[in-house]
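Let's take a walk through this model together. Have a look at the fold first, and then we'll go through some of its details.

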Amino acid sequence: MGAGGDFSVSLGKTETVAAVIPLSEHWLPMSNLDLLVPPKDVGVFFCYKKPVNGVGGSWTYASMVGALKNGLAQALVSYYALAGELVVNFAGEPEILCNNRGVDFIEAYADIELRDLNLYNPDDSIGAKLMPKKKRGVLSVQVTELKCGGLLVSCVLDHRVADAYSANQFLVSWAEAAQSKPISLLPCLRRSLLNPRRPGSYHPSIESSYIPFPELPPPNSSPSDYVISRIYYIPENQLSQLQSSATNTNIGKKRTKVEIFSAFLWKMVAECANVDKKIFKMGMVVDGRNRLCDGDDDDDKVKMMATYFGNVIAMAFAEKKRDELVEKPLSWVADEVHDYLETNATKEHFLGLIDWVEVHRPRHVIANIFSNGSDDGPPFVVSSGRRFPVLKVDFGWGKPAFGSYYSLWAGPVGYVMPMPSPKGNGDWVVYMQLLKSQLNFIETHAAHIFRPITFDYLP
């Protein structure tokens with residue numbers, strides 16, 4: 001599977017990259033949907049093979065770092081929130097101080113070749129040694145030269161500032177700027193798009209999906225079972241077979257691959273747990289940009305929401321009895337997943353959620369999935385990364401050989417993100433952060449579906 005964490009990393013130059021044309025200092029408030037996001041960081045990384053001279057120019061490590069820095073300085077002009085700092089205001093809520101503090105940019109060298117880097121077990125390789133340590137600011141970047149001449153670009157971002165949709169948009173814009181191309185999609189930071197209504201209203205079901213909470217629960221600390229990360233790939237034919245197996249008994253009710261995948265995983269997690277655990281929760285992240293524009297004739301609003309930078313997500317919260325998940329067919333569980341998503345994927349749900357947060361401010365609120373009862377099995381969240389632009393993050397010397405998100409918070413709630421493969425052939429790359437026992441069970445009972453990422457798989 002690779003050399004794991006058995007390699008050394010030497011840190012080199014560290015500097016701060018700021019926007020080349022700074023704006024005047026000002027405060028940018030968090031929207032009510034930003035305030036629903038826990039205070040945690042998220043990582044993302046991209047692996048590049050050694051550039052071939054003559055393809056896009058003659059690239060050296062120094063020239064690649066120069067392109068990254070110059071592109072970042074240009075991109076931060078538009079994405080100025082990423083160059084600021086999160087500061088707690090008098091009400092105890094975070095706000096972004098847009099002061100062009102800049103982004104910490106770290107250079108490093110790793111004594112390992114890309115072919116030996118253990119991507120299957122990213123905790124020991126990526127998380128422990130190749131992710132930047134964000135000390136201040138909103139975003140940090142580390143660029144690591146590999147022994148083979150390849151490059152690994154990793155970022156750590158405060159999730160309260162941006163969801164994956166916005167992070168993806170920034171990554172593409174950064175790559176465009178690094179190639180001296182105009183930024184194709186300029187971000188919109190107009191918070192008034194997510195203002196609460198006057199008077200506000202919301203459905204009572206929101207009260208059971210989100211709860212006021214003073215702080216996040218502590219990470220799982222059981223010595224016998226603990227949270228770990230793994231990265232797999234799922235062949236396209238296996239995804240299609242899984243979809244067909246759950247659709248044949250539901251003529252006319254074909255479910256999406258994400259719905260089928262979530263249902264399959266929900267069943268697996270329930271099957272591997274102790275029988276004394278009665279209730280199993282699953283959360284599904286829903287993007288609200290399109291939903292908030294349903295039935296809206298304002299073309300300007302539609303365009304602004306399409307590039308809105310921040311968090312526009314809600315948690316579709318589902319819970320079922322263990323016996324139901326284990327005994328019912330996959331098609332039934334997929335129908336349940338679909339119904340939960342439909343309930344939380346409406347314009348009114350997002351508007352009501354914004355109004356509900358307004359009522360509870362300045363108290364901290366989080367998704368109910370973070371609150372687990374003694375009879376509950378281990379919960380997890382599925383966040384679809386189908387828009388992950390792995391093939392678009394080309395800084396000039398070629399497309400990534402691999403890319404993935406990486407969770408930096410090993411809390412009591414698992415996290416799963418399916419993303420497109422860098423092969424562009426319909427396969428999925430799946431990042432999974434679950435209990436060790438759960439991943440062992442999945443690898444034992446579904447090895448034909450979940451296949452460990454190796455260098456030989458990379459394009």
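A cavity here is a set of points on a 1 Å grid over the protein atoms alone, where a 1.4 Å probe fits but cannot get out, and its lining residues have an atom within 4 Å of a point. Grid points are joined across faces, edges and corners, and the volume is the space filled by probe spheres set on those points. Among the residues around the second largest cavity are Ala19, His26, Tyr80 and Asn100.

Before going further, keep in mind that this is a predicted model: local features need pLDDT of at least 70, side-chain atom pairs count only at pLDDT 80 or more, and totals for chains, interfaces and linings use all residues. Residues are numbered from 1 along each chain as its sequence is written, and side-chain values use heavy atoms, with hydrogens and water left out.

How many cavities of 30 Å³ or more turn up in the whole structure? The search finds 2. The largest holds about 90 Å³ of space, and its lining includes Val42, Leu139, Phe170 and Tyr405. Strand 3 (41-48), strand 8 (151-158) and helix 3 each give that lining at least two residues. Helices (H or I, at least four residues) and strands (E, at least two) are DSSP runs, numbered from the N terminus.

Helix 3 is worth a stop of its own. This helix covers residues 164-178, and its 15 residues reach 21 Å from first C-alpha to last, close to the 21 Å expected at 1.5 Å a residue. The expected span is 1.5 Å times one less than the number of residues. Of those 15 residues, 13 are buried, meaning under 20% relative accessible area, while exposed means over 50% and partly exposed is in between (1.4 Å probe, protein chains only). Just after the helix comes serine 180, with a positive phi of about 60 degrees. Serine 180 counts as exposed, because its relative accessibility is 69%.

Another positive phi, about 55 degrees, belongs to asparagine 100, which is not a glycine either. Asparagine 100 sits in the loop between strand 5 (94-98) and strand 6 (103-110). Cis peptide bonds turn up as well: one joins arginine 198 and proline 199, with omega about -5 degrees, and another joins arginine 361 and proline 362, with omega about 5 degrees. Most residues other than glycine have a negative phi, and most peptide bonds are trans.

Now for the rings. The structure holds 20 aromatic pairs; rings of Phe, Tyr and Trp (its six-membered ring) pair if their centres lie within 6.5 Å, and planes under 30 degrees apart count as stacked, over 60 as edge-to-face and the rest as tilted. Phenylalanine 264 and phenylalanine 450 make a stacked pair, 6.5 Å centre to centre with 20 degrees between the planes. Phenylalanine 264 is in helix 6 (residues 257-272) and phenylalanine 450 in the loop between helix 11 (436-445) and strand 18 (451-452), so this pair ties together parts 186 residues apart in sequence. Both of these phenylalanines are buried. Phenylalanine 388 and tyrosine 405 form a tilted pair, at 5.2 Å and 55 degrees.

How values were computed:
On a 1 Å grid over the protein atoms alone, a cavity is a set of points where a 1.4 Å probe fits but cannot get out, and a pocket is an open set with protein on both sides within 12 Å along at least five of seven lines; lining residues have an atom within 4 Å of a point.
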